Amino acid sequence: MRSGTSGRCGRIGYVLKVFPRLSETFVMNEIRALESLGEDVVVFSLHHPTEQVPHGLLRELRAPVCYVDDLPCSEASVGAAQRELCRRLGIPRADRGRYLPRKYVRLALGVAKLAAREKVSRLHAHFASRAAHVALLAARLAGYRFTFTAHAKDIYHEEVDPELLRWKIAEAEKVVTVSEYNAAYLRGLLPPGHPARAKIRRIYNGVDLGRFRSEIPASEAPPLVLGVGRLVEKKGFSVLVDACRLLREGAETFRCEIVGSGPEEDRLRRQIETGGLDGKVHLRGALPYERVVEAMRGARVVVLPAVVARDRNVDALPTVLLEAMAVGRPVVASRLSGIPEIVAEGETGFLVPPGDPEALAGCLSLLLRDPGKAAAMGCAGRRRAEGLFDLFGNVRFLRDTVFGASGEDS
């Protein structure tokens, strides 16, 4: 193994498919927290971003970002690396295309080259799909430790190959995932007693509680129902629009804003229009992280009506709910995947069946009519966030148990 050059854990190379990404503030926060703990990080982004990311958080990162697909790489070197990886990983020739696709081997050669230049001590990938696959190959080419964090689409989507996922788990030194629900799912992919089951550990995402002051909401009229997230099927915002129609029919006083952008935008606009909700439900588009926090502070309640998408994609531990609790707002969300690990039912918010606008409207109505109850739930949510979802505490645990120099739990 190569030795690190800085920080308690040496220099950590983060392998990401694309960095930065608007929807992945949890990665920026994790790196920022590691740096605040004295660790040294360098980012290897496999590809360039295709969107502008105006988050002020980016200016706080010290980690340099290296773009892997900028590096030239000959076909001959890819072929030689493919043959060498076959030998080192014991992969039969017939399975070469599945385990060692040339585009991934090419990227792995780039990561290995950059990792040597940057003198990293290990490679850690976020997402079990392309990033973890490339990081694994680079680690085996160049002799680095390899770990990864699994999230949601990368393990649940219909395109995920379970055999490849089992292989990555078996090859990793440790595997992190963000909810108990995920951890149980990943262990369930392996036979009972398989030693790789012990590598899998749950470490919750965290939020920077110092940035999320808990404040009493302003008594704005009408009160705001806020949804935040990418406009994709799994977020379930069409259910929220239906719930708003029911609230209006029940003569509730409210307004609703949905912050985010994505492929569902046109469909949601048509739904708002046909439901006669113009002026009641607004699509605000994507906002910088700092303005999302500001929007939460103005909300009576934050909603995430998540569903399982047709392609089996589903949220695992939605950060937006952690952020809402950190600013002292009650949340109403679906009883799905890791969400019940966030929401203490009846104490910090409400859980509703996925895809049930009537149940969602009922819970929203309770909080719209009773600001005292909403405020009390918000305070309870803040306490729960302080106990379970503190960014720096959770990242310290990640450092000690996953990146620790000994590799042993502290």
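Colleague: Does R369 count as buried or exposed, and at what relative accessibility?

Modeller: Happy to look, keeping in mind that this is a predicted model. The cut-off for exposed is over 50% relative accessible area. R369 passes that cut-off and counts as exposed, at a relative accessibility of 60%.

Colleague: Which residue forms a salt bridge with R369?

Modeller: R369 sits in helix 14, and its partner is in the loop between helix 9 and strand 9, 117 residues apart. The closest N and O atoms of the pair are 2.6 Å apart, and the residue is E252.

Colleague: How many residues apart in sequence are the parts that D315 and K234 tie together?

Modeller: The two side chains meet in a salt bridge, at 3.4 Å from N to O. D315 lies in the loop between strand 11 and helix 12, while K234 lies in the loop between strand 8 and helix 9, so the parts tied together are 81 residues apart.

Colleague: Are D315 and K234 buried or exposed?

Modeller: Buried means under 20% relative accessible area. D315 has 7%. K234 has 12%. Both values fall under the cut-off, so D315 and K234 are each buried.

Colleague: How is helix 1 oriented relative to helix 16?

Modeller: Their axes are 9 Å apart and the packing angle is about 75°. Angles of 65 to 115 degrees count as roughly perpendicular. That makes helix 1, relative to helix 16, roughly perpendicular.

Conventions. Residues numbered from 1 in each chain as written. Predicted model: local features only at pLDDT ≥ 70, side-chain atom pairs only at ≥ 80, totals over all residues. Heavy atoms only, no water. Axes fitted to C-alpha atoms, helices over the stretch in contact; angles between N-to-C directions. Helix = DSSP H or I, 4+ residues; strand = E, 2+ residues; numbered from the N terminus. Parallel < 35°, antiparallel > 145°, perpendicular 65-115°, else oblique. Salt bridge = Lys/Arg side-chain N within 4 Å of Asp/Glu carboxyl O. Buried < 20%, exposed > 50% of the residue type's maximum accessible area, 1.4 Å probe, protein only.
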